Amino acid sequence: MPASQQLSFRIFTVMAGAILAAIAIEWFLLPNSIIDGGIIGISLILNAITSFNFGILVLLLNVPFLYFGFLYLGKRFLIYSLTGNIILAVSESLLHHWHLEPLTTTPLLATIFGGLLLGLGVGLVIRSGGALDGTEVLGLLLTRKIPFTVGECVLAFNVAVFAWAAFVYGFENAMYSILTYYVAAKTIDAVVEGPDQTKAVMIVSDHYEQLTEAITAKLGKGVTRLKGQGGYQGKEKDILYVVVGRLEIMQLKNTIYEHDRNAFFTIIDAHESRGAAFKGEEDH
């Protein structure tokens with residue numbers, strides 16, 4: 001795809017994601033006094049306290065993080081993120097102005113479907129290279145100053161947000177909000193990583209030649225042979241590396257057991273696999 005078309009497609013995806021997030025907030029979360037974590041969560045709480053427009057709050061609160069994101073992640077991140085935040089603000093304001101009825105007033109349904117829709121929207125924006133929430137950027141900045149990971153910084157930030165939500169909305173709504181955050185986070189992961197869940201398998205076996213032939217013949221996968229050394233006896237070892245689909249794991253296990261019951265292997269999640277070797281057209 002040409003660069004101009006790719007840019008247009010990503011901008012379109014960012015806009016679609018922002019609109020989905022606005023629908024989730026206006027039709028599911030706001031009417032039921034439920035929030036998400038991060039900057040979106042803070043904006044929802046401030047909206048409840050001050051009645052100030054949610055979309056404008058998100059845009060204003062994200063501005064510092066967009067600036068630092070531009071410094072550390074580049075111009076494209078700024079373009080995609082700024083586009084997403086503007087569309088989110090405009091879409092949410094329009095939906096609020098139309099006074100449409102919420103799709104549900106049952107908190108559990110709002111939690112589940114609002115979280116799914118919000119996660120889908122935010123995930124599309126992240127997959128395109130932008131962000132609707134500056135919390136991750138904040139975590140990235142804090143890790144340069146304090147000895148914690150990005151995940152730990154984001155978690156600490158969200159604990160504070162949900163504690164504030166418990167004070168404003170009550171403990172029950174805060175618990176629904178935590179569930180919404182969990183559903184949205186899992187949905188974001190699914191969207192960003194994609195549905196093609198592949199597994200990377202490393203196999204240590206004395207029968208590596210037979211296993212290589214069997215895996216190639218039965219599963220049609222390319223196999224990489226790596227050189228290793230045992231840590232205890234210092235013996236040279238041949239290690240096989242192969243990437244398979246989730247549904248092929250059991251077939252691979254059976255193939256390993258058929259040729260070497262004593263083989264040692266590990267199975268690791270692979271978020272993305274590309275190239276001819278994955279399809280078995282040639283060795284890795």
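**View 1. Glutamine 229 has glutamate 236 of strand E3 as its bridge partner.** Strand E2 and strand E3 (residues 236-245) run antiparallel and are joined by 6 bridges; strands here are DSSP runs of E, at least two residues long, and helices are runs of H or I of at least four residues, numbered from the N terminus. The model is predicted, and local features need pLDDT of at least 70, side-chain atom pairs count only at pLDDT 80 or more, and totals for chains, interfaces and linings use all residues. Residues are numbered from 1 along each chain as its sequence is written, and side-chain values use heavy atoms, with hydrogens and water left out.

**View 2. Four strands form an open sheet in the order E2-E3-E1-E4, with antiparallel pairing.** Strands E2 (224-229) and E4 (264-270) stand at the edges, each with a single partner strand, so one side of each is left without a neighbour in the sheet. Two strands count as paired if DSSP finds at least two bridges between them.

**View 3. Helix H9 (residues 208-219) lies across strands E1 (198-204), E2 and E3.** Helix H9 runs at about 10° to E3, with angles running from 0 to 180 degrees between the N-to-C directions of axes fitted to C-alpha atoms, for helices over the stretch in contact (heavy atoms within 4.5 Å).

**View 4. Aspartate 238 is found in strand E3.** This residue is buried (under 20% relative accessible area, 1.4 Å probe, protein chains only), at a relative accessible area of 11%. Leaving aside neighbours within four places in sequence, the contacts of aspartate 238 include Ile203, Tyr208 and Lys227.

Notes:
Buried means under 20% relative accessible area, exposed over 50%, partly exposed in between (1.4 Å probe, protein chains only).
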